[in-house]
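Visitor: Please show me the model, and let us ask on what grounds its features receive their names.

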Amino acid sequence: MDVNEVLLPGVGLRYDFVNQDGDRIGVVARRSGDFELAIYGGTDPDQAGAVFRLTGEEADVLAEILGAPRIAERFADLTREVPGLSAGQVEVLADTPFAGRPLGESRARTRTGASVVAIVRGEEVIPSPGPDEVLRSGDVLVVIGTREGITAVEQLVRG
């Protein structure tokens, strides 16, 4: 899919692409940090309809909601491309030894050879979590490694 980027002097940047229905979808990233989303039928971006505005924080939330399934898809694609590499999910249960403790204390990568590449916490996705990220009951760890490594992370986290 082609995404066009246009500098809007004094305003910011406009990104647009054509969806499968032939509508042009536009996103204006303003210098203020706010965003505007628009749909316009023809080639004239000044004839936009259905415009709505988002603050930077609202845009981040929308990106997380839309991005969560895409992250899982991309990891699945990666595991198909690299023989022996798998992706898995490990839920942190309330009665496990690492609920309420930083990820780094688990030493998961060192002990299992598998990496925790994201944490899904409700609607929020924490990509590339650092060792200080505190694990919570109900978190789902997205793990990349061998099948054995993923199983070892599950056993480690669950105790």
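Visitor: Leaving aside neighbours within four places in sequence, which residues is Leu 141 in contact with?

Guide: This is a predicted model, in which local features need pLDDT of at least 70, side-chain atom pairs count only at pLDDT 80 or more, and totals for chains, interfaces and linings use all residues. Residues are numbered from 1 along each chain as its sequence is written, and side-chain values use heavy atoms, with hydrogens and water left out. Contact means heavy atoms within 4.5 Å; beyond those neighbours, Leu 141 is in contact with Gly 88, Gln 89, Val 90, Val 92, Val 116, Ala 118, Ile 119, Leu 135 and Val 157.

Visitor: What makes Glu 36 and Arg 53 a salt bridge?

Guide: The term requires a side-chain nitrogen of Lys or Arg within 4 Å of a carboxyl oxygen of Asp or Glu. The N to O distance for Glu 36 and Arg 53 is 2.4 Å, so the pair qualifies. Glu 36 lies in strand S4 and Arg 53 in strand S5, 17 residues apart; strands are DSSP runs of E, at least two residues, and helices are runs of H or I, at least four, numbered from the N terminus.

Visitor: Is Glu 36 called buried or exposed, and why?

Guide: Buried means under 20% relative accessible area, exposed over 50%, and partly exposed in between (1.4 Å probe, protein chains only). Glu 36 has 13%, so Glu 36 is buried. Arg 53, with 59%, is therefore exposed.

Visitor: Why are Glu 154 and Arg 158 said to be separated by about one helical turn?

Guide: They are 4 residues apart in helix H3, hence that description.
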